[in-house]
Amino acid sequence: MSVTVRVPAKVNVQLAVGSARPDGFHDLANVFLAVSLYDEVTVSPASSLTITCSGPDAGQVPLDRTNLAARAAELLAARHGLSPDVHIHIAKDIPVAGGMAGGSADGAAALLACDTLWGLGSTRAELLSICAELGSDVPFSLVGGAALGTGRGERLTELEVGGEFHWVFAVADGGLSTPAVYGEFDRLTEGLAVPAPAASPALLDALRTGDAPSLAGALANDLQPAALSLRPSLADTLQTGTSAGALAALVSGSGPTTAFLTKDEESARSVAEALLASGTCREARVASSPTVGARVVGA
Ligand code: C5P
């Protein structure tokens, strides 16, 4: 017997970052949008906790207890006095260490899969509290759709989305470490007055009406200067996509994946072709949003 959960990637259409808190985290106004790139996580009973991963970038995924999928199984088991004896298989399609919450997605998916396999019937609130313990982006991977994350990004308010948005994601060679990008943000803003993060009314309105040109005008990522400082070549990728007709371009989360909003699906395909042909990225993926969060697709 096994349970499979499909879980989406995310893009941050607004990532407003405040100054570092005493606990080292940063207060955020983080507007998440789930996009149609998915990992599938399958759990099945085993004699001990093991993980395997398949997919083109599987070699970059940690297969030890640092993997958020393993930590999810352990945390859920501990809460119920169980032993986390499962085999977890991750079919990986979300870019690894790319700023698209792929690791967080696997954590949320493994949590839901184990809850189903073990017949625990946890409430959504119980699952969300474990997600928040696992990491700041994990609750959103469970919920999907669109949401504003406050606190360190884990306190979610679901948002209305009035239409479909089309994207291209340019995958860079190698990842960027999220703590390193936040560290660079701290260095770049040292001595400056960093305003308290707040969601942009224009951006929330663009989501509500489903209007891509308005959303393009409101996209904002406070981590972008830090990601560009650590990886200056991303500026060429951003420029290539906008020259090829994207409505707007930004670094996705902490990067190094870059995101391009386009007016429709056809435009997304031509921007993706131009990005690939330019050699400024390793891969260009077309996707749409919003899409649902973690869901059981097979049991
Ligand atoms: O919560 P998560 O484990 O995904 O965070 C990874 C790292 O990103 C943290 O250790 C911290 O360095 C940084 N971070 C932050 N402020 C946030 C979220 C993440 O500084 N709100």
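Author: On a 1 Å grid over the protein atoms alone, a pocket is an open set of points with protein on both sides within 12 Å along at least five of seven lines, a cavity is a set where a 1.4 Å probe fits but cannot get out, and lining residues have an atom within 4 Å of a point. This is a predicted model, in which local features need pLDDT of at least 70 and side-chain atom pairs count only at pLDDT 80 or more, while totals for chains, interfaces and linings use all residues. Residues are numbered from 1 along each chain as its sequence is written, and side-chain values use heavy atoms, with hydrogens and water left out.

Reader: Which residues lie nearest the centre of the largest pocket?
Author: The lining of the largest pocket consists of 39 residues. Its space comes to about 990 Å³, where a volume is the space filled by probe spheres set on grid points joined across faces, edges and corners. Nearest the centre are Leu68, Ser104, Asp137, Thr178 and Pro179.

Reader: Which element gives the largest share of the lining of the largest pocket?
Author: Helices (H or I, at least four residues) and strands (E, at least two) are DSSP runs, numbered from the N terminus. At least two lining residues each come from β1 (3–20), β2 (26–45), α1 (68–79), α2 (102–117) and α5 (178–189). The largest share is four residues, and it comes from α2.

Reader: How many residues of that lining are charged?
Author: Asp, Glu, Lys and Arg count as charged; Ala, Val, Leu, Ile, Met, Phe, Trp, Tyr, Cys and Pro as nonpolar; and the others, Gly among them, as polar. The lining of the largest pocket has 16 nonpolar and 17 polar residues, and the charged ones number six.

Reader: What is the volume of the largest cavity?
Author: Searching the whole structure gives one cavity of 30 Å³ or more. Among the residues that line the largest cavity are Asp57, Gln60, Pro256 and Arg282. The volume of this cavity is about 50 Å³.

Reader: How far apart in sequence are the parts tied together by the pair of Phe32 and Phe140?
Author: Rings of Phe, Tyr and Trp (its six-membered ring) pair if their centres lie within 6.5 Å, and planes under 30 degrees apart count as stacked, over 60 as edge-to-face and the rest as tilted. Phe32 and Phe140 are stacked, with 4.7 Å between centres and 5° between planes. Phe32 belongs to strand β2 and Phe140 to helix α4 (residues 138–143), so the parts that this pair ties together are apart in sequence by 108 residues.

Reader: Is Gly293 buried or exposed?
Author: Buried means under 20% relative accessible area, exposed over 50%, and partly exposed in between (1.4 Å probe, protein chains only). Gly293 sits in the loop between β11 (283–289) and β12 (295–298). Because its relative accessibility is 2%, Gly293 counts as buried.

Reader: How far apart in space are Gly293 and Lys10?
Author: In sequence, Gly293 and Lys10 are 283 residues apart. C-alpha to C-alpha, their separation in space is 9.8 Å.

Reader: Which class of accessibility does Ala97 fall into?
Author: Ala97 is in the loop between β4 (86–91) and α2. Its phi is near 50°, a positive value in a residue other than glycine. With 43% relative accessibility, Ala97 counts as partly exposed.
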